[in-house]
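Me: I have a structure open and would like to learn how to read it. Could you take me through it feature by feature?

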Amino acid sequence: MIRYLVRRVLLLILTLLLTSMIVFAMTQALPGDIARLVLGRDARPEAVAAFRQQFGLNDPLPVQYLRWLGGFVTGNPGRSFAAGNPPVMPLVLDRLGNSFLLAGYTLLLTLPLSIVAGIVAALREGSWLDNLIAFISLSVTGLPEFVTGIVLINLFALGTGWFAATSLVQDGYTVVDWLRVLTLPALTAGFVLGGYVTRMTRAGMIDELKKAYVRTAILKGLPRRTIILRHVLRNALLPTITVIAISFGWLMGGLVVIENVFNYPGLGSLLVTAVEQKNLPVLQTCVVLIVFIFAAANLLADVLYAALNPRIRLT
Amino acid sequence: MTATPVIHAQQLSLEYRLQGGWQNAIRGVTLSIDRQQIHGLVGESGSGKSTLGMGLMGYLPENARFAGGSILFDDKDLTRLSPADAARLRGRLIGFVPQNPLDALNPSLTIGEQLQEVTRYHLRLSRAAAHQRACQALEQTRIAEPEAVLRRYPHQLSGGMQQRVMIAMALSTRPRLLVLDAPVQTLFRRPLHPYTIGLLASLPGAAGGQQSRLATIDGTAAPLTGRPAACVFAERCPLVIAQCRTHKPPLEQQPDGRSLRCWRGPEIAAGSVNPARPAHVSPAAAAPADAVPILRAEKLRKTFHDASLFDRLTGKASAPLKALDDVSLTINRQATFGLVGESGSGKTTLARVIAGLTVGDDGRLELLDRPLALPLHRRSPEALRNIRMVFQNPGDTLNPYYTVGQALGRTLSVFGRGQFSREEIARRTAALLEAVGLTAAYAGRYPEQLSGGEKQRVAIARAFAASPALIIADEPTSALDVSVQAVILNLLKDLRADQGVSYLFISHDLEVIGYLADWIGVMYLGEIVEQGTRDQVSAPPMHPYTEALLSASPSVDLTQPAQGIRLTGDIPSPRQKPAGCPFHTRCPRRLGPICAAEVPPLQIGEGGHQIRCHIPLADLRTLQSTPGGSG
Ligand SMILES: Nc1ncnc2c1ncn2[C@@H]1O[C@H](COP(=O)(O)OP(=O)(O)OP(=O)(O)O)[C@@H](O)[C@H]1O
Ligand code: SF4
Ligand code: SF4
Ligand SMILES: [Mg+2]
């Protein structure tokens with residue numbers, strides 16, 4: 001187990017190194033001079049030279065890369081190209097915190113309901129309730145996020161004013177303020193995730209309920225509740241749990257559309273702005289961080305799966 | 001036998017909901033089981049054994065219902081109990097051991113948890129008491145180290161151990177009735193019903209030696225939706241009379257306590273009619289006397305390393321698995337080489353290495369006097385044509401999207417090297433189908449429209465399509481009913497003579513091998529420990545393992561008490577193959593330390609009979625000829 005973890009962590013570091021190199025190489029492939037791109041076509045040559053000097057763009061590529069890498073490891077991957085040149089790290093960390101909050105809240109809102117819905121649908125397979133749950137879960141996953149988002153805004157923000165339509169997160173927010181801001185984007189993301197989780201859970205339950213060991217348990221004379229809770233659930237939820245762990249990566253770094261619709265200051269929207277503004281230091285740091293979250297979520301999924309499944313021993 | 005029966009089913013009927021209607025699966029069954037009595041239930045697949053067995057426990061699948069009759073148990077009628085009350089009875093007073101232990105245990109709970117929950121729930125035992133009870137129950141099944149087994153998960157046990165756990169589970173509440181749903185061939189003294197007589201006669205052990213054919217039952221068991229109304233067996237019964245199709249025969253008590261549902265029962269009992277089919281005793285062709293070898297294998301070896309490259313680099317690889325260790329054999333023209341051995345002994349690996357599907361590590365193969373490369377891709381098209389395989393599960397090897405005709409036609413055109421015209425292929429397809437006892441009309445069917453036996457016939461026809469010299473059949477009948485198995489075995493025997501092929505026939509069933517094979521090899525942990533003619537391997541001197549296998553297989557005849565030596569414990573994992581003689585850990589005739597220390601010599605007896613054992617052949621003969629002569 002320890003060996004396995006060490007190996008996986010080493011692999012994760014290798015992945016990060018490779019991605020950071022690829023991102024670095026790709027930014028160099030942008031057509032034209034990056035300083036001119038950032039400062040504008042009419043920028044004076046002196047300003048361009050100063051910019052290049054300030055961000056070390058004159059150094060050879062490997063030197064630039066190593067400097068960035070050193071900075072990243074020590075927690076200071078340089079300064080943003082944006083006005084005022086604030087340091088990258090606090091900015092990214094701030095967004096990371098917001099994303100984390102949104103992701104956690106989404107899971108909290110979605111999982112209990114969607115897992116229970118999946119279980120109920122499986123236990124009543126073929127009934128009207130099963131069909132209804134299938135219909136709802138399919139339609140909420142199928143709708144594009146911006147459609148759900150805009151509908152929600154119209155219904156619950158503009159219509160009733162219960163929730164905030166846009167989320168200008170400010171210091172000194174109370175819990176209520178946070179809930180006002182977070183609920184609608186979390187619901188939008190939760191629809192996609194929840195529909196998926198419901199269907200995974202239902203499929204997993206139906207698969208397991210057909211297994212011979214369930215009949216053994218019935219013939220042992222155990223009550224139905226015990227059979228479901230003790231025997232079936234832990235096997236049926238295995239694939240769902242993996243999916244949830246992996247989707248955590250998506251919630252953290254992949255909510256670009258939702259963050260845009262709600263103006264939510266998360267990692268995804270930071271990445272998009274960085275691309276638009278050719279803000280290389282922010283871009284690189286963001287990408288590496290998101291890759292890290294995805295990889296870590298995957299590792300977590302594998303470890304969880306093995307921990308819950310005695311047939312798998314990590315070696 | 002005057003005591004009240006433990007359970008008494010009266011006119012019990014059960015129905016399944018199928019295609020919107022209710023179909024009878026069990027009709028008017030009456031049976032009583034007394035204390036300490038073993039009640040056997042036999043029949044072809046789908047005849048309703050499992051349905052009845054579980055019905056007796058008051059359990060029905062969700063789409064089933066009781067349709068009449070009663071089951072009296074403990075003064076209660078199980079057909080009328082609420083599901084919760086029925087559940088309390090089963091598990092506590094009625095135990096169940098399923099047909100197939102595989103998957104019958106929950107993979108993510110330990111054996112201990114699964115054993116203890118029964119007694120904790122039904123008998124309200126404390127954790128400690130339940131643990132102790134579980135241990136005792138496991139001990140009763142003679143499992144080694146019950147304490148350790150309790151801590152393990154199902155996947156860490158062999159199939160045999162899982163089966164014992166299931167039995168221990170059923171025993172742990174000390175039930176009054178145990179329902180064992182097991183595919184064993186039960187013992188009869190003298191059957192009276194035409195169906196039972198047919199079933200029994202189709203067992204290979206019942207045949208009058210190799211020269212005769214197996215008796216078969218006509219037709220196949222009817223599906224639930226098309227069962228005859230009067231006598232259910234009427235469509236297939238050789239003794240059927242007009243009355244059988246119009247009136248249901250009553251269940252009649254016989255003088256010896258048996259009961260029988262057949263209009264012609266009295267005549268059968270009196271011996272004036274006999275349902276055994278006289279037309280089928282015509283002799284089947286025997287193998288030619290002159291032995292021309294077509295396949296020779298020398299010193300074949302195959303070791304599986306299933307560890308990943310990374311594990312091997314870091315020195316963490318699990319022990320390699322020696323699936324084949326120095327195997328040599330010769331198969332003659334038109335002969336059948338029968339290979340027996342417990343599961344895991346390497347039979348399938350040997351077959352696959354000869355067929356080239358698994359690449360052997362070492363050793364030499366020779367086909368028709370020409371060297372045969374081990375890897376498939378280095379074999380000539382001629383060699384590929386000459387070795388064909390038939391597998392255990394016909395359904396898995398037939399492509400569901402090809403009709404029977406397309407599947408056969410494809411093989412024909414590949415091995416005819418495209419030289420066959422379309423008409424020629426159609427003609428040959430029809431001929432092949434007829435050779436395996438089907439009609440040309442089957443060419444248009446898809447595999448899902450075939451029964452298990454028919455699928456296996458198509459698979460056999462496909463193997464013959466290439467006109468091979470050798471057909472390797474890996475357990476081709478073990479997924480089939482005994483009645484269907486008889487048809488397939490007869491077919492294989494006929495085809496051998498007509499088409500002049502040889503077989504390498506693999507089975508764990510000694511009777512099947514004994515019926516079909518001229519030469520028999522007995523495998524244990526990757527080695528052939530004994531080989532010889534059928535008569536040589538079934539009479540002293542025999543290898544102690546062969547001896548144990550023979551005495552372990554149940555005898556169809558009750559008058560012969562089981563005797564001889566017993567095998568104890570499970571077959572060891574080939575990963576931890578014992579040194580010296582691989583059989584020494586279980587051998588009842590073990591000589592002493594020499595068996596564990598030195599590889600036994602290959603002793604050659606009369607007629608090429610080979611035995612790998614330290615005990616000299618003469619001593620083996622003496623030991624095995626005196627009853628109770630084991631140490
Ligand atoms: N859940 C079910 N729904 C509908 N039909 C069923 C169901 N289970 C069994 N059957 C049908 O009921 C009949 C009896 O089946 P059952 O499993 O009792 O046979 P069996 O004698 O135990 O066969 P086997 O030897 O293959 O175990 C068969 O025709 C089968 O197809
Ligand atoms: S009742 Fe008639 S058809 Fe049925 S088993 Fe007896 S003889 Fe055969
Ligand atoms: S060599 Fe020894 S252990 Fe092996 S079969 Fe012979 S007597 Fe038994
Ligand atoms: Mg059955």
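Me: Which side chains meet in a salt bridge, B:Glu117 and which other one?

Reply: A salt bridge is a side-chain nitrogen of Lys or Arg within 4 Å of a carboxyl oxygen of Asp or Glu. Here the side chain of B:Glu117 meets that of A:Arg230, with 2.8 Å from N to O. Between chain A and chain B the count is two salt bridges. Keep in mind that this is a predicted model, where local features need pLDDT of at least 70 and side-chain atom pairs count only at pLDDT 80 or more, while totals for chains, interfaces and linings use all residues. Residues are numbered from 1 along each chain as its sequence is written, chains are lettered from A and ligands numbered from 1 in the order in which they are written, and side-chain values use heavy atoms, leaving out hydrogens and water.

Me: How many residues does each chain bring to the contact?

Reply: Contact means heavy atoms within 4.5 Å. Chain A gives 20 residues and chain B gives 29 residues.

Me: And what area do chain A and chain B bury between them?

Reply: The size of an interface is often given as the accessible area lost when the parts come together. Buried area is the accessible area (1.4 Å probe) that two parts lose on being put together, summed over both. For chain A and chain B this is about 2400 Å², with 59% of it on carbon and sulfur atoms. On the chain A side, A:Leu219, A:Lys220 and A:Pro310 supply 27% of the area buried against chain B, more than any other three residues.

Me: How do I read an aromatic pair such as A:Phe24 and A:Trp68?

Reply: Rings of Phe, Tyr and Trp (its six-membered ring) pair if their centres lie within 6.5 Å; planes under 30 degrees apart count as stacked, over 60 as edge-to-face and the rest as tilted. Over all chains there are eight aromatic pairs. A:Phe24 and A:Trp68 form a tilted one, 6.4 Å centre to centre with 55° between the planes. Helices (H or I, at least four residues) are DSSP runs, numbered from the N terminus. A:Phe24 lies in helix α1 of chain A and A:Trp68 in helix α4 (residues 61-73) of chain A, so the pair ties together parts that are 44 residues apart in sequence.

Me: Which residues are closest to ligand 2?

Reply: A residue counts as near a molecule if one of its heavy atoms lies within 4 Å of it. Ligand 2 is surrounded by 13 residues, the closest being B:Cys231, B:Cys237, B:Cys244, B:Cys262 and B:Trp263. Around ligand 3 there are 13 residues, and the closest are B:Cys581, B:Cys587, B:Cys595, B:Cys613 and B:His614.

Terms used: Helix = DSSP H or I, 4+ residues; strand = E, 2+ residues; numbered from the N terminus.
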